[in-house]
Amino acid sequence: MRYEIKGETLPVVICQLEGGEKMITEGGGMSWMSPNMLMETTTNGGIGKAFGRMFSGEKMFQNVYTAQGGSGMIAFASSFPGSIKAYEIAPGQEMIFQKSAFLAGEAGVELSVFFNKKFSSGLFGGEGFIMQKISGYGTVFAEFDGHVVEYELQPGQQIVVDTGHLAAMSATCHMEIRSVPGVKNMLFGGEGLFNTVISGPGRVWLQTMPISNVAGILRPYLPSGS
């Protein structure tokens, strides 16, 4: 499989497949394709894995697209102004994505739910609690909100992230959701109640415009319901 990511504000990844190669995505993920791409809707691993994907922000069923009778083309566009990133997944090279980041991937890629170990803090921490774990092998494409900045953390090195700005991290990283210290800071600081602390080793990808922040900014300008 060969691919090209085009566009900046609203990018798209265009994949060129050899005959018999497969791509997976959730329902509605395909943007355009050549006529020889055959679609099959499946739980892709059984009901247990389907429920796991649902809890991680994806749909229970996935669509598998196969190039039939020769090479084929299929494109997957982002659904929000932001970035599309490609990752090579292999044993020992698993990734953790923000909820609903998975866009598409080769057939050997597996998607499951990732829970923060500290259930209580994660429960109140919002976006940082439930994430997506990507394992298996192959290329996977993820869509993130806004521009993406990458950091490489050494063992024990930490970065503190406002909840929602964490786009992805290597599975070797450790994530902990902590409450903002001090009652005055929590009530009047304007930075929310929780921060996400990422510890290395591994890489971290941070997004500049979480869709949750955009929704909060727009909410006062939207007409209220009757």
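Two strands are taken as paired where DSSP finds at least two bridges between them, the strands themselves (E, at least two residues) and the helices (H or I, at least four) being DSSP runs numbered from the N terminus. In this predicted model, local features need a pLDDT of at least 70 and side-chain atom pairs count only at pLDDT 80 or more, whereas totals for chains, interfaces and linings use all residues. Residues are numbered from 1 along each chain as its sequence is written, and side-chain values use heavy atoms, with hydrogens and water left out.

The protein chain contains four helices and 19 strands. Of its 226 residues, 43% count as buried, where buried means under 20% relative accessible area, exposed means over 50%, and partly exposed lies in between (1.4 Å probe, protein chains only). With contact defined as heavy atoms within 4.5 Å, 79% of the contacts between residues at least 6 apart in sequence join residues at least 24 apart.

**Strand β12 and its partners**

Strand β12 (residues 130-136) has six of its seven residues buried, so it is largely enclosed by the rest of the structure. Seven bridges join β11 to β12, and the two run antiparallel; within this pairing, Glu110 has Ser135 in β12 as its bridge partner. Three bridges join β9 to β12, again in an antiparallel arrangement, and here Ile96 stands opposite Lys133 of β12.

**The nonpolar cores**

In soluble globular proteins, nonpolar side chains tend to be buried together. A nonpolar core is here a set of buried Ala, Val, Leu, Ile, Met, Phe, Trp, Tyr and Cys residues joined through side-chain atoms within 4.5 Å. The largest such core has 18 residues, and those with the most contacts inside it are Tyr87, Met95, Phe97, Ile134, Val140 and Phe144. At least two residues of this core come from each of β8, β9, β11 (109-115), β13 and β16 (166-170), with β13 providing the largest share, three residues. A second, separate core of 13 residues includes Cys15, Leu17, Met23 and Ile74.

Leaving aside residues up to four places away in sequence, Phe97 touches Tyr87, Met131, Gln132, Ile134, Val140, Ala142, Phe144, Ala167 and Ala168.

**Aromatic pairs**

A pair of aromatic rings is described by the distance of the centres and the angle of the planes. Rings of Phe, Tyr and Trp (its six-membered ring) pair if their centres lie within 6.5 Å, and planes under 30 degrees apart count as stacked, over 60 as edge-to-face and the rest as tilted.

| Pair | Centre to centre | Angle between planes | Class |
|---|---|---|---|
| Tyr87 and Trp205 | 5.0 Å | 90° | edge-to-face |
| Phe97 and Phe144 | 6.0 Å | 80° | edge-to-face |

Because Tyr87 belongs to strand β8 (residues 82-89) and Trp205 to strand β19 (residues 202-207), their pair ties together parts that are 118 residues apart in sequence. Phe97 lies in strand β9 (residues 95-97) and Phe144 in strand β13 (residues 138-145), so this second pair ties together parts that are 47 residues apart in sequence. Tyr87 counts as buried at 7% relative accessibility, as does Trp205 at 8%, and both Phe97 and Phe144 are buried. Tyr87, Phe97, Phe144 and Trp205 form one aromatic cluster.

**The sheet around β18**

Three strands form an open sheet in the order β15-β18-β17, with antiparallel pairing. Strands β15 (158-162) and β17 (174-179) stand at the edges with a single partner strand each, so one side of each is left without a neighbour in the sheet. Neighbouring strands of this sheet are turned by 25° against each other on average, direction ignored. Six bridges join β17 to β18, and Met175 stands opposite Ile198 in β18.

Ser199 lies in strand β18 (residues 194-199) and is buried, with a relative accessible area of 12%. Not counting residues up to four places away in sequence, Ser199 touches Leu153, Gln157, Gln158, Cys173 and His174. The side chain of Ser199 makes a polar contact with the side chain of Gln158 (3.0 Å); such a contact is a pair of N or O atoms within 3.5 Å, where within protein one must be able to donate a hydrogen and the other to accept it, and residues adjacent in sequence count only if both atoms are side-chain atoms.

**Two backbone features**

The peptide bond from Gly200 to Pro201 is cis, with omega near 15°, and Pro201 is found in the loop between β18 and β19. Ser100, in the loop between β9 and β10 (102-106), has a phi near 75°, a positive value in a residue other than glycine. At 36% relative accessibility, Ser100 counts as partly exposed.

Technical notes: Axes fitted to C-alpha atoms, helices over the stretch in contact; angles between N-to-C directions.
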